[in-house]
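Q: I would like to learn how to read strands, helices and cores from a model. Can we go through one case step by step?

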Amino acid sequence: MRPHAAPARQLTVVPVALVLLLANAGIEAAAAQGPPTATPDTSCSSCTEWNRPHGPVKVFGNTYYVGTDGLSALLVTSPEGHVLIDGALPESAPQIQANITALGFRVQDVKVILNSHAHFDHAGGLAALQQATGAPVVASFRSAPWIRAGTPQRDDPQYGTIRGYPPVRRVREMADGDTVRVGPLRLVMTLTPGHTPGGTTWRWQSCDGSRCLWLVYADSFTPLSAPAFRYTANREYADGPTDFPRSVERWRTMPCDLLITPHPMGSNLWARVQGSAPLVDPGACRDYAGKAALSWKNRLDTEAKER
Ligand SMILES: [Zn+2]
């Protein structure tokens, strides 16, 4: 059975003619001992650094980086409206809006906002960005309850160690293989759980003249958790331990020419846009999958030693 498949459906998002059609279906540190754990840190010691301003960057074709120095937000543009991906921290929203405006685009022309995973450092700014744009937020059906509530969910591996964020009112749920359509734009959702139960990877094609590439916004893969959580023992975590290898396989095999991650340093983005590393690399997602597989193996080894 295909994982996480949902019944075929068509969803119309009011008031604009945006139709969501079913198409087919961390950077965090590890503890020295025991499984990698998240330090209870509701004050977020990294947030100031993550939220340092960064000017907007044209990545390729109609895809622009509009996030902060340490947290990604992407704008994919079209003459019929734009797609914004991720909202970073609550305090990042004004920067993201300013970056969109600095590029010459109108914030009000953002027709839909997508999410990678439902943690405060990627979904925290969604409520403010929704207010500024009037756009619905789209998330996986397993991230949506988190984002609507703004409070951590029990099936999150880091439950109990991470903070909440402003709740988001209009959150549309999508499933594996669904496509978000805005004008000519087509962005495909792939569920890649592991770091969170609802982790989502987005991919789309951008063209620069006649050269068209697959861009992939691959979600975080760090198997980081609260101290008591064990992937190998957790039955509430979707399909439990089988989730992670399935995500690795999906990253390894999906069409991918240009990789971007929710933390830009996770894909060495700044060196790549500055030209000191290749921006385009058809092997990037395969390499990313390899790193994810290694972190998963280490996690399993650590949990096995405890038995
Ligand atoms: Zn996270």
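Q: What is the order of the strands in the open sheet of 7 strands?
A: Keep in mind that this is a predicted model. The order is 3-4-5-6-7-8-9, and the pairing is mixed. Strand 3 (57–60) and strand 9 (171–174) each have a single partner strand, so they stand at the edges with one side left without a neighbour in the sheet. From one strand to the next the twist averages 30°.

Q: How many bridges join strand 4 to strand 5?
A: Strand 4 (residues 63–65) and strand 5 (residues 74–76) run antiparallel and are joined by 3 bridges. Tyrosine 65 has leucine 74, in strand 5, as its bridge partner.

Q: Which strands does helix 4 touch where it packs on the sheet?
A: Helix 4 (residues 126–133) touches strand 6 (82–85), strand 7 (110–114) and strand 8 (137–140). Its direction makes about 170° with that of strand 7.

Q: Where do side chains point in a regular strand?
A: They alternate between the two faces of the sheet.

Q: Which residues touch the most other members of the largest nonpolar core?
A: That core has 69 residues, and Leu74, Val83 and Ile147 touch the most other members. Helix 8 gives the most to this core, with 6 residues. Leaving out residues up to four places away in sequence, the contacts of valine 83 include Val76, Val112, Leu114 and Val180, and also Lys111.

Q: Which residues of helix 8 are buried?
A: They are Ala284, Cys285, Tyr288, Ala289, Ala292, Ser295, Trp296 and Arg299. Because they cover an arc of only 130° around the axis, they lie on the same side of helix 8. The face turned away from that buried side carries the exposed residues Leu294, Asp301, Ala304 and Lys305. What covers the buried residues includes strand 13 (211–217), helix 6 (243–253) and strand 14 (258–260).

Q: How far apart are the end C-alpha atoms of helix 8?
A: They are 32 Å apart. At 1.5 Å a residue, the 22 residues of helix 8 (residues 284–305) should span 32 Å, which agrees.

Q: How do strand 12 and strand 13 run, parallel or antiparallel?
A: Strand 12 (residues 200–208) and strand 13 run antiparallel, joined by 7 bridges. They form a hairpin with 2 residues between them, and glycine 209 in the turn has a positive phi of about 65°. Cysteine 207 stands opposite cysteine 212 in strand 13.

Q: In which sense do strand 13 and strand 14 pair?
A: They pair in the parallel sense, over 3 bridges. Valine 216 has leucine 259, in strand 14, as its bridge partner.

Note on methods: Residues numbered from 1 in each chain as written. Predicted model: local features only at pLDDT ≥ 70, side-chain atom pairs only at ≥ 80, totals over all residues. Helix = DSSP H or I, 4+ residues; strand = E, 2+ residues; numbered from the N terminus. Expected span 1.5 Å × (residues − 1). Buried ≥ 20, exposed ≤ 12 C-beta atoms within 10 Å, placed from the backbone. Arc of directions from axis to C-beta. Contact = placed C-beta atoms within 7 Å. Pairing = 2+ DSSP bridges. Core = buried A, V, L, I, M, F, W, Y, C linked by C-beta atoms within 7 Å. Axes fitted to C-alpha atoms, helices over the stretch in contact; angles between N-to-C directions.
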